[in-house]
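Student: I would like to learn how to read a structure such as this one, feature by feature. Could we look at it together?

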Amino acid sequence: MSNIERLYSDRAGKMRKSVIRELLKVAQDPEIISFAGGLPNPKSFPKDDLTSIATDIMKNHSAAALQYGTTQGVQELRKQIAERSLKEGMKDISEENIIITNGSQQALDTVGKLFLNPGDTAIVGLPTYLGGINAFKSYECYLKGIPLDEDGMVVDILEDKIVELLKENILPKFIYTVPTFQNPAGVVMSEKRRKQLIDIANEYDLVIIEDDPYGKLAYDIKHIKPIKAFDDEGRVIYMSTFSKILAPGFRLAWTVASPELTRKMIICKQALDLCTNTFTQYIVNEFLRQGSLDLHIMKICEMYKPKRDIMIKSIERYFPEGYTCNRPKGGMFTWVTFPDGIDTETMFLDAIKHKVAYVHGKAFYVDDGGARSLRLNFSYSSDDKIEEGIKRLGSVVDERLKKIVA
Ligand code: PMP
Ligand code: G9A
């Protein structure tokens, strides 16, 4: 009889399964209306444009596009991303500051690999993206949470936390934040707080990981400057992705960082995959070169904004009183919190019986928070399914509340 488990690393024992990835299996049942995964709407994929670009690349550039590439990524694509980063206010950026990664998820893992020893501490906003938690936790670190309010991470509490940790001789390795249309809470960090965050990182000589997949999905506000735009000391690692603005199946994202950090991250990435998918880099490079991305993003926003509105209206119509819910100004998610007595994790089983899915709030916490909350994605489902799904969920909540009172 084999007992291979005894050979596993300590790290393997500490890894957590992604609740979202598990839910994707549940959501494959066509009868279930899924508000769970942060999936783009498949109708948004520009498949005709991508088909003609892919065909042309196969015909005319296959020797390079089907070959291994450099770890850092296709130079032309990095150049185009650098130009876009400059337009967003980031300073002194060229293709040398950019790495193309296999999704931002890989960038998160790379950051963990670069900074975290077993037993180290990093700081995250709470609630936060659970794929970030899982990536960092796999490096056997401790994560300390800082609460969010409607203006993003509460930086005063952050500073107190840093001081407290330093007094205990604990040096937090980095601060992880999703500042714009946050996953899961949908909030935007104010510009004032972005600047304060940079001041704090400068004062205590720390690194900030700015994870920004949703910044371009803006419905009610425009021109939000990334934190990286205020970074004069090269201590922000910015990351964004083509997953939410083009196609997650391409697995293409990028980091923007100082040359020194970029060099280090390239070495970390080499052991993971040698290089990012070359073929999809060629496709996206051409899509950008044709000037199609910004128009495409506008179309996505036109598709998602009404979905957000339908979801919020349906919540107001079908959820029993006592909940709080934000009206996100962009992104893909809204965050709902119910009165005491509701546990969204156990309620999930009832929801599945009623053929509707969400992600329970605890999944986005590193402490015992989030039990009364849940995250709802509004980009994936069709407009009529959004209303129907919220109606189903409303009756699930109603039944639960009645049981509590009884
Ligand atoms: N960060 C955040 C905040 C996300 O929401 C996601 C995907 N949902 C990712 C990173 C990973 O994105 P990808 O790997 O598809 O680029
Ligand atoms: O499918 C994934 O794991 C990416 C989606 C992330 C999310 O739902 O937050």
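Student: How many Å separate an oxygen atom of ligand 1 from a polar backbone atom of Ser 104?

Tutor: A polar contact is a pair of N or O atoms within 3.5 Å; within protein, one must be able to donate a hydrogen and the other to accept it, and residues adjacent in sequence count only if both atoms are side-chain atoms. Here the distance from the ligand 1 oxygen to the polar backbone atom of Ser 104 is 2.7 Å. For an oxygen of ligand 1 and a polar backbone atom of Gln 105 it is 3.0 Å, while a nitrogen of ligand 1 lies 2.9 Å from a side-chain N or O atom of Lys 244. Ligand 1 taken alone exposes 400 Å², of which the protein buries 92%, with accessible areas coming from the Shrake-Rupley method with a 1.4 Å probe, where for residues only the protein chains shown count as cover.

Before we go on, please keep in mind that this is a predicted model, in which local features need pLDDT of at least 70 and side-chain atom pairs count only at pLDDT 80 or more, whereas totals for chains, interfaces and linings use all residues. Residues are numbered from 1 along each chain as its sequence is written, chains are lettered from A and ligands numbered from 1 in the order in which they are written, and side-chain values use heavy atoms, with hydrogens and water left out.

Student: Which residues surround ligand 2?

Tutor: A residue is near a molecule or strand if one of its heavy atoms lies within 4 Å of it. Around ligand 2 these are Ile 20, Arg 21, Leu 24, Gly 37, Gly 38, Tyr 129, Asn 183 and Arg 375. Oxygen atoms of ligand 2 lie 2.6 Å from a backbone N or O atom of Gly 38, 2.8 Å from a side-chain N or O atom of Asn 183 and 2.8 Å from a polar side-chain atom of Arg 375. On its own ligand 2 has 280 Å² of accessible area, and the protein covers 86% of this.

Student: In what order do the strands of the open sheet run?

Tutor: Helices (H or I, at least four residues) and strands (E, at least two) are DSSP runs numbered from the N terminus, and two strands pair if DSSP finds at least two bridges between them. The open sheet of eight strands has the order β2-β9-β8-β7-β6-β3-β4-β5, with mixed pairing. Because β2 (98-101) and β5 (152-153) stand at the edges with a single partner strand each, one side of each has no neighbour in the sheet. Strands β3 (residues 121-126) and β6 (residues 172-177) pair in the parallel sense over three bridges, and Thr 121 stands opposite Pro 172 in β6.

Student: Is Asn 377 buried or exposed?

Tutor: Buried means under 20% relative accessible area, exposed over 50%, and partly exposed in between (1.4 Å probe, protein chains only). Asn 377, which lies in strand β14 (residues 373-377), counts as buried because its relative accessibility is 0%. The side chain of Asn 377 reaches the backbone oxygen of Met 332 at 3.4 Å.

Student: How many disulfides does a search of the whole structure find?

Tutor: A disulfide is a covalent bond between the sulfur atoms of two cysteines, and the cut-off used is a pair of cysteine sulfur atoms within 2.5 Å. The search finds zero. The sulfur of Cys 268 is too far for a bond because the closest cysteine sulfur, in Cys 141, is 15 Å away.
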